[in-house]
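Dear colleague,

Please find below the structure that I am handing over to you, followed by an account of what was found in it.

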Amino acid sequence: MTISLDESSESTVNLIRQPIDSIVFAPPLVYGGVKSLYSACEWLSELGRSTIMPFEEQRLADWFDHKCRLYDHSYFPDLLVYPEVHQPDIPGLFHLCFALGQRAPIKSHANLVVCRSSEVLNCVKTQTSIPTTLILPSINRSIFEYDGRPKRDLICYMTRAHKHPETATLLRTKYGGKVLEIVDCSEAEVAEILKSAKVFVWRGDDKEGSPRPPKEALVAGCVVVGLESDLSEKYHTNFGIRCSTVEELVRTAGQALKLPVPTEEQRSVVRDSKDEQKDWVALFERLRLNGHERAASLSLANG
């Protein structure tokens, strides 16, 4: 893919500076994309100062481990990173919109859009001519890697008010105490639950980018069950048992209790965050090189 950058762009020239200092705008709570934004912040710290600016409560997320710090106004950034649900415009800086889903159109002040999935990339391309690229999604496999422990006859469902909570009710009605709803748990607690459970049922929504929970469950050794519309190549979740209806999904969840733990080869389809980190660092090294040479365009690999 070729990305064209305006040769006279003030934003591009800013990236000549060494190092690249950045601010990542992120929500403080359990919202979709929080871990992705914090991961980007940590990876960008290899190129310069990088901190989190919450766009709601002024505190950091505490339900997963990270090394991020709050922005303390001790430096002025070269780069702003923000999700599509919050798109601040500060003139003179390089703006990178990290499109994690399809929840808002991309505003025109973005210099570059990094997309979370092929589906999001295709959607963004229909909206705007802003340069776009795809960085393939990942999880931190080390937290969720199945350790061979005995599995319990448990069907897990990650209950969210906006993600089909009625499915949890259907599962509970049919399977009773074999259903464990995952609610308000830390990342470490979720990992322990999934490593011990046999089945994970996933339902997302049509605004998803590339959801983490089914990937985390697979790496933890769960048989993943979901609808064909949710376990799909377009979300980079094309694995597990895909069902055509909710009724089939509920029935299959019980049947999946009898299936073996997914093999190491089957679990290996989930990308590790170390690989995504390399892509982010490489992206900004290329942008920095582009600013240094005042090039009109550069080629970016899509992973």
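In this predicted model, the sulfur of Cys 156 lies 5.9 Å from the closest cysteine sulfur, that of Cys 222, which is too far for a bond. A disulfide is taken here as a pair of cysteine sulfur atoms within 2.5 Å. Cys 156 is also buried, at a relative accessible area of 0%; buried means under 20% relative accessible area, exposed over 50% and partly exposed in between, with a 1.4 Å probe and protein chains only. Cys 97 counts as buried, with 0% relative accessibility. By the rule above, the count of disulfides is zero.

Two conventions apply throughout. Residues are numbered from 1 along each chain as its sequence is written. As the model is predicted, local features need pLDDT of at least 70 and side-chain atom pairs count only at pLDDT 80 or more, while totals for chains, interfaces and linings use all residues, and side-chain values use heavy atoms, with hydrogens and water left out.

The chain as a whole

The chain has 303 residues, of which 55% count as buried. It contains 10 helices and 13 strands, these being DSSP runs numbered from the N terminus (helices H or I, at least four residues; strands E, at least two). Among contacts with a separation of 6 or more, 62% join residues 24 or more positions apart; a contact means heavy atoms within 4.5 Å.

The nonpolar cores

A nonpolar core is a set of buried Ala, Val, Leu, Ile, Met, Phe, Trp, Tyr and Cys residues joined through side-chain atoms within 4.5 Å. The largest one has 30 residues, and Leu 96, Trp 280 and Phe 284 touch the most other members. Two or more residues come from each of β2 (22-26), α2, β4 (79-83), β5 (94-99), β6 (112-115) and α10. The largest share, seven residues, is that of α2. A second, separate core has 22 residues, including Val 190, Phe 200, Trp 202 and Leu 218.

Leu 96 belongs to strand β5 and is buried, at 0% relative accessibility. Beyond four places in sequence, the contacts of Leu 96 are Leu 79, Leu 80, Val 81, Tyr 82, Leu 112, Val 114, Trp 280, Leu 283 and Phe 284. Glu 84 is 12 residues from Leu 96 along the chain, and their C-alpha atoms are 9.9 Å apart.

In helix α8 (residues 246-255), the buried residues are Leu 249, Val 250, Thr 252, Ala 253 and Gly 254. Their cover includes β8 (152-158), α5 (165-175), β10 (197-202), β11 (223-227) and β12 (241-243). Ala 256 sits in the loop between α8 and α9 (264-267) and is buried, with a relative accessible area of 1%. Leaving out residues up to four places away in sequence, Ala 256 touches Val 199, Val 223, Val 225 and Ile 241. Of these, Val 225 is 31 residues from Ala 256 in sequence, at a C-alpha to C-alpha distance of 8.0 Å.

Grid points are joined across faces, edges and corners, and a volume is the space filled by probe spheres set on the points.

The second largest pocket holds about 560 Å³. It is lined by 26 residues, and Glu 42, Asp 65, Asn 140, Ile 143 and Glu 187 are the closest to its centre. At least two lining residues come from each of α2 (34-44), α4 (141-144), α6 (187-196) and α10 (273-293), and α2 gives the most, with five. By class, this lining has seven nonpolar, eight polar and 11 charged residues. Here Ala, Val, Leu, Ile, Met, Phe, Trp, Tyr, Cys and Pro count as nonpolar, Asp, Glu, Lys and Arg as charged, and the others, Gly among them, as polar.

One cavity of 30 Å³ or more was found in the whole structure. The largest cavity has a volume of about 40 Å³, and its lining includes Glu 84, Ala 99, Gly 101 and Gln 102. Helix α3 (residues 118-127) gives the most to this lining, with four residues.

With kind regards

Methods. 1 Å grid on protein atoms, 1.4 Å probe; cavity = no way out; pocket = protein on both sides within 12 Å on 5 of 7 lines; lining within 4 Å.
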